[in-house]
Amino acid sequence: MTAQIIDGKALSKSLREGFKTRVAQLGAQGVQPGLAVILVGDNPASRVYVGNKVKACEEVGVRSFHVGLAADTPEAEVLATIARLNADPAVHGILIQLPLPPHIDPRRVLEAISVNKDVDGFHLYNVGGLVVGNTIFPPCTPYGVQLLLDTTGTDVTGKNVVVVGASNIVGKPMALMLLQREATVTICHAKTRDLAQHTILADILIVAAGKPGLIVPQMVKQGAIVIDVGINRLPDGKIVGDVDFDGVKEKASWITPVPGGVGPMTVTMLIENTLRSAERALRMRQADDYQDWEAPVIHPVTG
Ligand code: NAD
């Protein structure tokens with residue numbers, strides 16, 4: 001069997017075409033969706049990611065506000081910047097590019113973003129929403145994976161899903177989303193003993209470990225759907241995922257390539273969340289209950 005390719009680039013392209021219609025509909029009601037992207041410091045990889053997000057926004061007519069802060073910006077100033085953006089009605093989504101410099105507590109910063117503008121879905125409120133199955137903004141990468149899975153026409157109900165990787169931004173929310181869809185979900189991580197014993201049972205295998213070549217054909221069930229979230233740069237500059245693509249594609253029924261699989265979907269879902277936020281803000285304003293809609297302020301426990 002040679003797997004069919006799940007084409008994230010093509011799906012992204014068609015979704016982004018649809019976004020233009022939604023942007024035009026919002027425009028007709030006097031709203032231009034806006035996304036603020038905060039970059040603290042000048043990490044070259046982060047600069048590239050921010051540049052990609054800003055470009056993707058502009059292509060579909062979302063206004064982007066790029067806020068660049070020096071690496072030594074005090075935490076209080078970052079928090080003040082977020083407070084300003086929280087209050088700005090032209091901004092519907094706020095994203096802070098991670099990682100942050102070591103003197104800044106990422107949790108404190110993420111919790112400062114208004115729940116209503118948390119388009120990355122990293123605020124505790126949105127994370128908690130995932131647990132009970134009604135988050136406002138699903139985190140972008142797992143959200144994109146879910147749509148990629150849908151393109152295969154597979155009903156995940158009752159399927160064995162194995163998620164390799166348990167990070168807060170990919171593995172854990174991914175597992176929660178599929179649990180919500182009544183899959184039987186196993187989460188593996190770096191301390192899992194005998195990874196293959198778990199992966200071989202997967203009808204759907206989702207890998208987000210950041211380890212090139214981690215998943216080889218012997219670890220994959222015949223006919224499985226394999227989603228490779230990993231992005232790794234090899235010493236020769238080549239970008240690969242965590243899955244031995246050439247070997248595993250001979251066993252899987254569907255597989256995502258790297259690049260061109262999950263990667264393009266992450267930015268696409270960020271725009272989706274920003275549009276949803278703008279549409280939601282408009283609805284609430286029209287219903288004249290904008291204040292009621294404000295979610296409760298959550299004070300993070302620190303120290
Ligand atoms: P992370 O480092 O925060 O987490 C990695 C997870 O993998 C951890 O839970 C760890 O325990 C687990 N892990 C590590 N080695 C393992 C092993 N040998 N066996 C089993 N589990 C193991 O990483 P992350 O932020 O979740 O990202 C994971 C990968 O996905 C990276 O390659 C990253 O670049 C990529 N990524 C891609 C996108 C995208 O848009 N495609 C988005 C986010 C992350």
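For a chain of 303 residues, a compact globule would have a radius of gyration near 19 Å; the value computed here is 20 Å, which agrees. The model is predicted. Along the principal axes, its C-alpha atoms fill a box of roughly 55 × 40 × 35 Å. The chain contains eleven helices and eleven strands.

Burial and contacts were computed over the chain. Of the 303 residues, 49% are buried. Among contacts with a separation of 6 or more, 71% join residues 24 or more positions apart. The accessible surface comes to about 14,100 Å². Carbon and sulfur atoms hold 56% of that surface.

Charged side chains number 28 positive and 30 negative. The centres of the two sets lie 3 Å apart. Side chains of opposite charge can pair when their charged atoms come close. In the whole structure, ten salt bridges are found.

One of these salt bridges joins R22 and E272, with an N to O distance of 2.7 Å. This pair links distant parts of the chain. R22 belongs to helix α1 (residues 8-28), and E272 to helix α10 (residues 262-286). The two residues are 250 residues apart. E272 has a relative accessible area of 12%, so it counts as buried, the cut-off being under 20%.

E59 forms a salt bridge with K55, and their closest N and O atoms are 3.7 Å apart. Both residues lie in helix α2 (residues 44-60). They are four residues apart, about one turn of the helix. K55 is exposed, because its relative accessibility is 52% and the exposed class begins over 50%. E59 reaches 46% and therefore counts as partly exposed.

K249 and E250 also form a salt bridge, with the closest N and O atoms 3.1 Å apart. E250 is partly exposed, at 36% relative accessible area. Elsewhere, salt bridges that share partners join R22, E272, R276 and E279 into one network.

Residues up to four places away in sequence were not counted; beyond them, L79 touches R108, V109 and A112. L79 and A112 are 33 residues apart along the chain, yet their C-alpha atoms are separated by 6.7 Å. L79 has 24% relative accessibility, so it counts as partly exposed.

Backbone geometry was examined next. The peptide bond from L98 to P99 is cis, with omega near 0 degrees. P99 lies in the loop between β4 (93-96) and α4 (106-112). The peptide bond from V258 to P259 is also cis, with omega near -5 degrees. P259 sits in the loop between β11 (254-255) and α10.

Positive phi values occur at E182 and D194, neither of which is a glycine. E182 has a phi of about 65 degrees. E182 is in the loop between α7 (171-180) and β6 (184-188). Its relative accessibility is 55%, so E182 counts as exposed. D194 has a phi of about 50 degrees. D194 is placed in the loop between β6 and α8 (195-199). At 46% relative accessibility, D194 counts as partly exposed.

Conventions. Residues numbered from 1 in each chain as written. Predicted model: local features only at pLDDT ≥ 70, side-chain atom pairs only at ≥ 80, totals over all residues. Heavy atoms only, no water. Rg over C-alpha atoms; globule rule 2.2 N^0.38 Å. Buried < 20%, exposed > 50% of the residue type's maximum accessible area, 1.4 Å probe, protein only. Contact = heavy atoms within 4.5 Å. Areas by Shrake-Rupley, 256 points an atom, 1.4 Å probe, with all protein chains shown as cover. Lys, Arg positive; Asp, Glu negative; His and termini not counted. Charge placed at Lys NZ, Arg CZ, Asp CG, Glu CD. Salt bridge = Lys/Arg side-chain N within 4 Å of Asp/Glu carboxyl O.
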